[in-house]
Amino acid sequence: MADKRDYYEVLGVAKGATDAEIKRAYRKVAKKYHPDMNPGDAEAEAKFKEATEAYEVLSDSEKRSRYDQFGHAAFDQTAGGGYGGGFGGFDFGGGDMGDIFGDIFGGMFGGGARSARQNGPMQGASVRVSVRITFEEAVFGCTKEIEVNIKEECSTCGGSGAKPGTSPETCSKCGGRGQVVYTQQSMFGTVQNVAACPDCQGKGKIIRQKCTTCGGTGYETKRKKIEVTIPAGINDGQSIRIRGKGEPGVNGGPRGDLLVTVTVGRHPKFQRRDRDLFSTEPISFAQAALGATITIQTVDGPYEHTIRPGTQTDTRVRLRGKGVPHVRNKNVRGDHFVTLVVQVPESLTGEQKDALRKFQEAMGEVSTEKKGFFGKHKK
């Protein structure tokens, strides 16, 4: 017993370590020194055996209490056939130890429960389709009818997959469980592997005579029309989930969902950023200088807005509540930002030119065709 190292030292934990800390430390050591990870390494095998012995004691509250009180001497009487007697003394096949090795080696130890869950009812896959809508339809919402291929229960066999007059048989190899357990001997003792039944492919049933309509699947694909309600405020690329309209479930599981991805067309005037809209509105020089009431185009229709005298080009006007509704509350809307752009006429009549020259003179500017603001514009 004098050659044995302290169990806490073997696992690299303090004497007051919690059960979780001890388990975590053992998992780390076991993975590092496991013989399967170090084939032919006698030293690694010895360290793995030492760590397992330490964990067997420290993970048991009663054994740990005796060890803390008496040390290795507490287990002298079992040295020949228990903790020091080889791998045969440890139960790798179940309980906490099975969970640890299942985490490390992916099911070689204690993996049956996880595999069994995989054979249970599972939801069917989702079906994805797309629909194109206009800019206005995205803002205010709409209803669209789409066509999609959906698997439905076979009208001939009623979903059993078997030819009418026959029925599926319970698989004799797995007894209807869909899984088989293989037992084999290893250096750690007897271990079990769980796999899908090769005869029924994990279904638990075997169809001897398949339905000619569905080929034994129990489903046939049908083209169906589905009405989709698109909420106001939806944005380009967003999806609408319609529950229970996807692929059929497996082993009695529920249907998957239908995901409708929306593509929104562009608008010639408005640009969208989240729930806000942006546009530009032309105004004349006289309107900008003198002020005026102008009509601005919004998604709700024409909107009258009064601009102040002396408004400069690129002035931005904010129309509150004239933007896009919130997709979950259509009464909450973004804003519409309008940039006012002063437009300079490209051609003028003689009368208009005379009027502008008088304006230049009144402003103290030189009234010539070559100089001055309007002269430069003409050039």
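The buried residues of α3 are A44, F48, A51, T52, E53, A54, Y55, E56, V57 and L58, as computed from a predicted model. Helix α3 itself comprises the 17 residues 42-58 and spans 24 Å between its first and last C-alpha atoms, a reach close to the 24 Å expected at 1.5 Å a residue. The N-terminal end of α3 is capped by D41, of which a side-chain oxygen is placed 3.1 Å from the backbone nitrogen of E43.

Helix α2, formed by residues 19-33, packs with α3 at an angle of about 165°, the two axes being 9 Å apart. Because angles over 145 degrees count as roughly antiparallel, α2 is roughly antiparallel to α3, and the crossing of these two helices is left-handed. On the side of α2 the contact is made by I22, K23, Y26, V29, A30 and Y33, whereas α3 contributes A44, E45, K47, F48, A51, T52, Y55 and L58. Among these α3 contact residues, A44, F48, A51, T52, Y55 and L58 also belong to the buried residues of the helix.

Elsewhere in the chain, F135 is part of helix α7, which covers residues 135-140. With a relative accessible area of 8%, F135 is buried, since the cut-off for burial lies under 20%. The C-alpha atom of F135 is separated by 6.0 Å from that of H267, although the two residues are 132 residues apart along the chain. When residues up to four places away in sequence are not counted, F135 touches H267 together with V264, G265, F270, R272, L277 and V299.

Notes
Residues are numbered from 1 along each chain as its sequence is written. This is a predicted model: local features need pLDDT of at least 70, side-chain atom pairs count only at pLDDT 80 or more; totals for chains, interfaces and linings use all residues. Side-chain values use heavy atoms; hydrogens and water are left out. Helices (H or I, at least four residues) and strands (E, at least two) are DSSP runs, numbered from the N terminus. The expected span of a helix is 1.5 Å times one less than its number of residues. Buried means under 20% relative accessible area, exposed over 50%, partly exposed in between (1.4 Å probe, protein chains only). A polar contact is a pair of N or O atoms within 3.5 Å; within protein, one must be able to donate a hydrogen and the other to accept it, and residues adjacent in sequence count only if both atoms are side-chain atoms. Axes are lines fitted to C-alpha atoms, for helices over the stretch in contact, and angles run from 0 to 180 degrees between N-to-C directions. Angles under 35 degrees count as roughly parallel, over 145 as roughly antiparallel, 65 to 115 as roughly perpendicular and the rest as oblique. A crossing is left-handed if the near helix is turned anticlockwise from the far one by less than a right angle, and right-handed if clockwise. Contact means heavy atoms within 4.5 Å.
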